[in-house]
Amino acid sequence: MTKLKIIKDSKTLLRTIQIYKLKKKKIGFVPTLGSLHKGHLELIRLAKKKSDIVVVSIFLNPLQFNSKIDFKKYPINPTADKKKIYKEKVNILYTPTIKEVFPDNNIQKLKASKKAKKLCGRFRKGHFDGVVTVLQSFFKQVLPTIVFFGEKDFQQILIVKDLILKYKLKIKIITAPTIRDRNGLAYSSRNYLLDKKQKKIASFLFKTIKEISFLAKKNLKSLNNLEVTGKKKLINKGFTKIDYLEIYNENNLSKNNIKENNLRVFAAANLGNTRLIDNFKN
Ligand code: AMP
């Protein structure tokens, strides 16, 4: 029987992890912001399959929010999260405060790789710097063998891969496909902020990028037009603002050398104050 350890401080965490390390256990790490949903749970299940010990962190990282309002209204639900974690038979739930993540009080922000300049990085200044900064600190505390990320945040995966390469970290990255509800809407903590009507509109984000992706593959010369068409469709469906709908070579987020087998459509669109992202490759 797995007995869940809920750990709030980095010293206890490191001590516990080091014992597992001495026993040559494979540590799988799933970092999250909390408000857990089916997407997170699938990632945790994958981590259970691929590692001996699973550590899930719940930490609403202020460094990755470029807007204080967005940070304040981000949904949190620690009680429901804990219940879900218990059910998944995770080994360690790490719920640190910011002081535990950055013990010396002097937060030195890391710079994310060049891929952070596009897509979400363009609209959320400093977001990916905040992501890599917190991850580097977590990596030193969790000592993961494998770290798990969802394709829902595809750009984040590329940036974390660059981080691992840059610092020559001995961490394997395993990624998991996006989990969606029956209407295609990608599960996201931000969905908890949507009302019924908005949720219906939200499902058109996936439907639209899927359609654009199919058309793009058939017509690689008309990618710019398709981006415009996609944005118009989203506005017509009721999205209030489109940050981006762009088609890239998924390997490097470049417009060069886009081919059928590397083409991925990325979008970020707002419904009122709620910003949703998604991406698709067929
Ligand atoms: P977050 O709490 O939003 O930072 O997400 C934590 C991890 O869960 C990240 O690796 C996300 O990519 C992943 N994730 C979030 N939503 C989904 C989803 N719908 N399907 C699969 N993975 C997801």
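## Contacts around the ligand

A polar contact here is a pair of N or O atoms within 3.5 Å. With that in mind, let's look at His40 in this predicted model: an N or O atom in its side chain lies 2.8 Å from an oxygen atom of the ligand, so the pair falls within the 3.5 Å cut-off for a polar contact.

A polar backbone atom of Ile179 is 2.8 Å from a nitrogen atom of the ligand. For Tyr187, a polar backbone atom likewise sits 2.8 Å from a nitrogen atom of the ligand. How much of the ligand does the protein bury? On its own the ligand would expose 480 Å², and the protein buries 93% of that area.

## The shell and where it comes from

Let's step back to the whole shell. The ligand is surrounded by 16 residues, and Leu33, His40, Asp153, Ile179 and Tyr187 are the closest of them.

Helix α2 provides the largest share, with three residues.

## A salt bridge from helix α2

Helix α2 is also worth a visit for its charged residues. Arg45 in helix α2 and Glu88 in helix α4 (residues 78-88) link distant parts of the chain, being 43 residues apart. The two form a salt bridge in which the closest N and O atoms are 2.8 Å apart. Across the whole structure, a search finds 16 salt bridges.

Strands in a sheet pair through backbone hydrogen bonds, in either a parallel or an antiparallel way. Here three strands form an open sheet in the order β7-β8-β9, and the pairing is antiparallel. At the edges are β7 (241-249) and β9 (274-280), each of which pairs on one side only. From one strand to the next, the twist averages 10 degrees.

How many bridges join β8 to β9? Strand β8 (residues 263-271) is joined to β9 by seven bridges, with the two strands running antiparallel.

Notes
Residues numbered from 1 in each chain as written. Predicted model: local features only at pLDDT ≥ 70, side-chain atom pairs only at ≥ 80, totals over all residues. Heavy atoms only, no water. Pairing = 2+ DSSP bridges. Helix = DSSP H or I, 4+ residues; strand = E, 2+ residues; numbered from the N terminus. Axes fitted to C-alpha atoms, helices over the stretch in contact; angles between N-to-C directions. Near = heavy atom within 4 Å. Polar contact = N/O pair within 3.5 Å; in protein donor to acceptor, adjacent residues only side chain to side chain. Areas by Shrake-Rupley, 256 points an atom, 1.4 Å probe, with all protein chains shown as cover. Salt bridge = Lys/Arg side-chain N within 4 Å of Asp/Glu carboxyl O.
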